[in-house]
Amino acid sequence: MAKATYSLLERAKGRLLTELRHDIRDERVLAAMASVPRAKFVSDDLRAFAYENRPLPIGHGQTISQPLIVAMMTEALELKGDEKVLELGTGSGYQAAILAELTARVVTVERIAPLAERAAAVLAELGYDNVQVHLTGDTLGWPEEAPYEGILVTAAAPDVAPGLVEQLAPEGRLVIPVGAHDVQELLLVTNSPDGLTTKRLGPCRFVPLVGAGGWSSAELGFPEL
Ligand code: SAH
């Protein structure tokens, strides 16, 4: 990247971090947001906007989430560093990289093959060897590696699917946008011996979760993969 472009991006990143500090208290999360180069997870033509606090298109009708939402969801997991975390919806791989900065192992699943491939390549190029990217079909999440101390769903779901809760460790935390497929509320679901507790984190807008635990491609008018 040309030097001038680089310093412009660094300045934009500085401004973004100042903005995130208004809402995010966890210094570890802020440090992860500072160290992961979001510019690497978007296409060349969008690189100039990489550090604006907004979602950006990543192709195939999908988006890389807004940085504030990424930071909020990550903060809600309260990671200590030794957890295994599952992400549903790899997309660009950016959220997986933020998680990889903060915990031991990240398993992330995606249903669109070219996105999974590109995300895996960027994550490998950046040296994140604690992230596994898997292509999913009809299965919700990645039960093979369950249980997970943290689960992040970065696509909207109509409800909290029991099949996902089953993949959560005894004291695990699940962050998931739940609602209609155009607007949702971000929920934090915490597992405990007494059952599940749910906390509302605020309104949000994600692309829909497709398949088990989400909406069918036909309902959304998407072409079948
Ligand atoms: N976390 C991503 C953004 C996610 S966009 C990032 O940091 O860039 C939501 C993603 O979820 C899309 O890529 C979409 O293809 C994927 N998705 C939708 N339904 C899914 C499912 N059932 N399993 C896995 N991924 C799914």
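Predicted model: local features only at pLDDT ≥ 70, side-chain atom pairs only at ≥ 80, totals over all residues.
Seven strands form an open sheet with mixed pairing, in the order E5-E4-E3-E6-E7-E8-E9. Strand E5 (131–135) and strand E9 (195–204) are at the edges with a single partner strand each, so one side of each has no neighbour in the sheet. From one strand to the next, the twist averages 15°. At one end of the order, strand E8 (residues 184–192) and E9 run antiparallel and are joined by 9 bridges. Ser-192 stands opposite Gly-195 in E9.

Glu-185 and Arg-200 meet in a salt bridge of 2.5 Å, N to O. Glu-185 belongs to strand E8 and Arg-200 to strand E9, 15 residues apart. Glu-185 is partly exposed, at 24% relative accessible area, whereas Arg-200 is exposed, at 62%.

Two helices come next. Helix H5 (residues 113–125) lies across strand E4 (105–110) and E5, and runs at about 165° to E5. In helix H3 (residues 67–77), 9 of the 11 residues are buried, so the helix is largely enclosed by the rest of the structure. Among the buried residues are Pro-67, Val-70, Met-73 and Leu-77.

Just after H3 comes Glu-78, with a positive phi of about 50°. The side chain of Glu-78 forms a salt bridge with Arg-173 (3.3 Å, N to O). Arg-173 lies in strand E7 (residues 168–179) and Glu-78 in the loop between H3 and E3, so the pair ties together parts that are 95 residues apart in sequence. Arg-173 is buried, with a relative accessible area of 16%, while Glu-78 is partly exposed at 44%.

The whole structure holds 8 salt bridges. One of them joins Glu-52 to Arg-54, with the closest N and O atoms 2.9 Å apart. Glu-52 is partly exposed, at 34% relative accessible area, and Arg-54 is partly exposed too, at 35%.

Glu-87 is buried yet has no salt bridge, and the nearest side chain of opposite charge, Arg-38, is 12 Å away. A salt bridge needs the nitrogen and oxygen to be within 4 Å. What Glu-87 does have is a polar contact of 2.7 Å between its side chain and that of Thr-108. Leaving aside residues up to four places away in sequence, Glu-87 touches residues including Gln-95, Leu-99, Val-107, Leu-152 and Thr-154.

How values were computed: Residues numbered from 1 in each chain as written. Heavy atoms only, no water. Buried < 20%, exposed > 50% of the residue type's maximum accessible area, 1.4 Å probe, protein only. Lys, Arg positive; Asp, Glu negative; His and termini not counted. Polar contact = N/O pair within 3.5 Å; in protein donor to acceptor, adjacent residues only side chain to side chain. Contact = heavy atoms within 4.5 Å. Pairing = 2+ DSSP bridges. Helix = DSSP H or I, 4+ residues; strand = E, 2+ residues; numbered from the N terminus. Axes fitted to C-alpha atoms, helices over the stretch in contact; angles between N-to-C directions.
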